[in-house]
Amino acid sequence: MPLSSEPVGVTREAFGDDQADRADLYQGLCVDDGWVEVLAPLGEGGTADVYRAFDHRIGENVALKVLRADLATTPKALACLQAEASVLAQLKHPGFVGFHRSFWHEGRFAMVLELLDGGDLSCGLPTEGYSPTQVVRWSQQLLQALDALHARGLVHRDLKLENILLDDAGNARLADLGIRYDMRDISDLTNLRGRTGTPRTMSPEQARGEQVDQRSDIYTVGLLICELATGQLPFPHPPATGPAEGPLLAPNLDALHAVLGEDIMAVVARSLAPAPQHRFQRALAMRVALEAAVGHGTSHRRFRLGRDESQVDLVVEGDGVSGVHCELQWFDGYVMVTDLDSTNGTHVDGRRLAPHQALAVGPDAQLRLGRSVELTITQISSLLGTPNRM
């Protein structure tokens, strides 16, 4: 297997004088036991440098992400990069950059990732923003990826246009999980007090250095929709001023309303609520709301559950079940559960819905109707004979 032994394009000039030493480390190298041939620098980050490379194992160009030389002896930086590799290896989701493998080179951790040549969403951002169709499409793809991440108990914490890459088909792919936070582990190395992340796109609670959950990412999605649609963040000042000042101010959505209209603006406004409990509680719920706002939801059928045989599709016998208790509407990938002002409540995973409140759920969601009847969405789907589209 012939491998190049000559320099292949990593230059001192590409990184600038202050980064020359980092560039020289990989100039013309073949790493991973000679399988990966470094071609050119792609960028630099807080913990790693990224190179274009050719992977002779799989016969295609890849992105090589390598722990920075000046952080090689920093346990936290190494642990962040290793954690990112672990998450990407487990996710295997179309909304994320693909992961091939990881290895060590001269004491430095590295990983081989899918190479996306479409640039990131900040590249070429028009002054007036992207088209509404593109904005909605990318937002839905981002929310779908986040829902998969949040389902694993993880929060991204550094969402920004620079971390959303485009593949050859123009689809948005999420990258850079280095400072993600594990909500299930209070000792998680990335659960740092202080403003870990990018100040201009932080949620209020993240800017205050408080513990965050998935609703912090949902807040940031609202900011990014504004930036994509209007070319700027919804704050009355340049977005780069002051650490974390932007999210602490009330967002101005007038420009967004002019571009995307009332319905989508209402979805974004809810995601930008200062208090997390007033935002969407799941990325899936925000995606569903966006689909409804633009009329892209694909509903297959509505079913009503309760005890009144003349008005419901599925009769449910049990203590406290109302005559017409709740409604389920099947979409591709989720089910919308709506309480129909039942007397004893519709509970989803232990949470009672308010009268006429709708909630998007997955197939494993547990429903309790009234005081005693418990069913999963999958069981209800089987009883109703609905097609399996989740």
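Biologist: Is Glu 327 buried or exposed?

Modeller: First the rule: a residue counts as buried under 20% relative accessible area, exposed over 50% and partly exposed in between, using a 1.4 Å probe and protein chains only. Glu 327 has 12%, so it is buried. Keep in mind that this is a predicted model: local features need pLDDT of at least 70, side-chain atom pairs count only at pLDDT 80 or more, and totals for chains, interfaces and linings use all residues. Residues are numbered from 1 along each chain as its sequence is written, and side-chain values use heavy atoms, leaving out hydrogens and water.

Biologist: And how much of the protein chain is buried?

Modeller: Of its 390 residues, 52% count as buried.

Biologist: OK, salt bridges next. How many does the structure hold?

Modeller: Look for a side-chain nitrogen of Lys or Arg within 4 Å of a carboxyl oxygen of Asp or Glu. The structure holds 20 such salt bridges. One of them joins Arg 304 to Glu 327, with 3.8 Å between the closest N and O atoms. That pair links distant parts of the chain: Arg 304 sits in strand E11 (residues 299–306) and Glu 327 in strand E13 (residues 326–331), 23 residues apart. Arg 304 is partly exposed, at 33% relative accessibility. There's a network too: salt bridges that share partners join Asp 32, Asp 55, Arg 57 and Arg 101.

Biologist: Which parts does the salt bridge between Asp 147 and Arg 282 tie together?

Modeller: In that salt bridge, the closest N and O atoms are 3.5 Å apart. Asp 147 lies in helix H4 (residues 132–151) and Arg 282 in the loop between helix H8 (262–271) and helix H9 (283–294), so the pair ties together parts that are 135 residues apart in sequence. Arg 282 is partly exposed, at 33%.

Biologist: How do I read a sheet, and in what order do the strands run in the open sheet of six?

Modeller: Strands of a sheet pair through backbone hydrogen bonds, either parallel or antiparallel. Here, two strands pair if DSSP finds at least two bridges between them. The order is E1-E2-E3-E4-E6-E5, with antiparallel pairing. Strands E1 (30–31) and E5 (99–105) are the edges, each pairing on one side only. Two bridges join E1 to the antiparallel strand E2 (residues 36–44), and Val 31 stands opposite Val 36 in E2.

Biologist: Which helix packs on this sheet?

Modeller: Helix H3 (residues 75–91) does, touching strands E3 (48–55), E4 (60–67), E5 and E6 (108–114). A contact means heavy atoms within 4.5 Å. The direction of H3 makes about 30° with that of E6. For such angles, axes are lines fitted to C-alpha atoms, for helices over the stretch in contact, and values run from 0 to 180 degrees between N-to-C directions.

Biologist: Last one: what is the phi of Asp 341?

Modeller: Most residues other than glycine have a negative phi. Asp 341 has a positive one, about 60°. You'll find Asp 341 in the loop between strand E14 (334–339) and strand E15 (346–348), partly exposed at 48%. Asp 349 also has a positive phi, near 50°. Asp 349 is in the loop between E15 and strand E16 (351–352) and is exposed, at 55%.

Terms used:
Helix = DSSP H or I, 4+ residues; strand = E, 2+ residues; numbered from the N terminus.
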